[in-house]
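Trainee: I would like a close look at a single part of this model. Please take me through it step by step.

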Amino acid sequence: MKAVLALAALLLQSAAVSSNDPIAAPQYLRFERTVSIPANTTGQACASLDAGVFAHAASESLNDLRLYNASATEIPFNFSVSGTQSIEDDPATIHNLTSSNGDIVFDIDMPPRPYSAIVLDLSAKDFLGTAQVSSADGKTPLGTFAIFDLTAQHLSRSTTLALQESTLARLHVTLHLAPAPGATTPNLSPSIVHGATVPPSREAQTLYTPIASTSSITQRGRYTVATIPIPAHVPVERVSFTLDPKFSKNFYRTVTITAAPQGARDNVAVETMSGAISHVKLPPTIESDQLSIDAALGANLRTPATVTLFIDNAGNPPLPLTSVQLEMRQRKICFQTSSPASYRLMYGDPTLHAHAYDYAAHFTPSPNPIPATLAAEHRNPTFTPRRDARPYLERYPELPWTVFLALLGILGSIALRRSRTRHN
């Protein structure tokens with residue numbers, strides 16, 4: 001019995017032993033892309049990643065992404081995503097709100113960071129106007145900007161002031177407003193100013209990379225419909241619409257976006273979100289285009305999915321759309337290069353864990369990085385499936401218990417026979 005217990009303990013101890021983390025090696029990565037660097041350049045180079053990398057990487061987190069030079073040495077890199085989500089709008093405080101000669105005037109305390117836009121919170125509707133912005137002392141003019149609300153005409157609204165980047169602590173704003181054509185007399189007193197917010201500076205705003213698009217656009221009753229299939233793992237974060245450049249009419253349309261995973265059998269798995277697109281041009285000063293919708297979709301995190309867009313024309317003629325495009329925030333890798341140099345970006349090994357480079361931990365982006373480009377993807381000609389290097393008992397964790405139970409059965413049978421022999 002002691003021997004059996006000792007054997008069982010040994011088996012359980014062996015089952016608990018875990019293997020070391022797998023080591024990245026080019027022959028275990030299924031896909032590769034040549035990374036091209038301009039000749040005779042050295043320094044920090046950056047390459048944008050496209051949808052193909054996500055589609056064939058082992059996971060949406062790109063844990064298996066690796067970069068190698070011509071001698072198959074792994075090259076450390078920094079991975080970044082454009083417009084990190086931690087950057088949020090900041091509230092701005094309104095001071096000294098009053099009227100002067102029929103205009104609305106006030107000061108705004110700005111956040112202690114660079115900024116390039118202000119979004120005014122105005123409760124008024126159906127108006128046209130301008131916002132004149134300067135430093136608080138009036139000595140530094142920042143520009144005059146058109147603002148409007150055309151709700152009664154079923155068009156859009158804009159109260160965003162697109163400034164040149166500035167760091168002034170306080171701004172002075174003068175609003176000159178008038179009723180929009182055909183509108184009843186709205187309230188355009190200082191009471192319509194409820195506040196303001198400050199988006200991230202345009203220097204920190206998001207860049208996007210195309211994922212997939214379609215020019216096959218159909219009509220279903222009052223709806224214009226576009227359908228776009230997307231592969232697994234590719235992040236979808238924005239939808240953009242392209243109109244016939246000859247089209248110039250003002251419009252406002254609501255859009256419903258659905259995303260269904262491949263093989264979805266019920267509506268529970270289908271994501272749905274909505275937004276709007278618009279165009280307004282009223283000479284001489286007002287022109288506004290909103291032809292993109294933020295749309296963070298997750299239906300394709302594990303499997304391919306189908307994205308369908310429904311544009312509600314609501315009795316209006318269909319828009320002359322030429323294409324609809326899905327986009328993701330720009331992802332890029334940056335690394336140090338030397339000339340001459342040849343690099344391969346490789347991926348497709350599900351056993352690898354995320355890389356942890358000292359280079360990334362101490363990375364400082366260059367203001368003028370060397371542009372690196374990815375060639376077309378192809379399969380790694382030297383690919384070899386990774387042998388399962390886990391200990392035998394880790395690959396077959398049920399084996400110790402099977403042996404243990406078998407031994408108990410054998411010992412029980414022996415004990416039973418001995419008991420019968422003694423009684424006989």
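Is Asn 96 buried or exposed, and at what relative accessibility?

Mentor: A word on the source first. This is a predicted model, where local features need pLDDT of at least 70, side-chain atom pairs count only at pLDDT 80 or more, and totals for chains, interfaces and linings use all residues. Residues are numbered from 1 along each chain as its sequence is written, and side-chain values use heavy atoms, with hydrogens and water left out.

Now the residue. Asn 96 is exposed, at 53% relative accessibility. Exposed means over 50% relative accessible area, buried under 20%, and partly exposed in between (1.4 Å probe, protein chains only). Asn 96 is not a glycine, yet its phi is positive, about 55 degrees.

Next, its setting. Asn 96 sits in strand β5, residues 90-100. Strands (E, at least two residues) and helices (H or I, at least four) are DSSP runs, numbered from the N terminus.

β5 has a place in an open sheet of 9 strands. The order is β10-β9-β8-β12-β6-β5-β13-β7-β11, with antiparallel pairing. β10 (157-158) and β11 (160-166) are the edge strands; each has a single partner strand, so one side of each lacks a neighbour in the sheet. Two strands pair if DSSP finds at least two bridges between them. β5 and β13 (residues 193-198) run antiparallel, joined by 3 bridges. Across from Pro 91 stands Thr 197 in β13.

For contrast, take Leu 62. Its phi is also positive, about 60 degrees, and Leu 62 is not a glycine either. Leu 62 lies in the loop between α2 (51-56) and β3 (66-69). Leu 62 is buried, with a relative accessible area of 3%.
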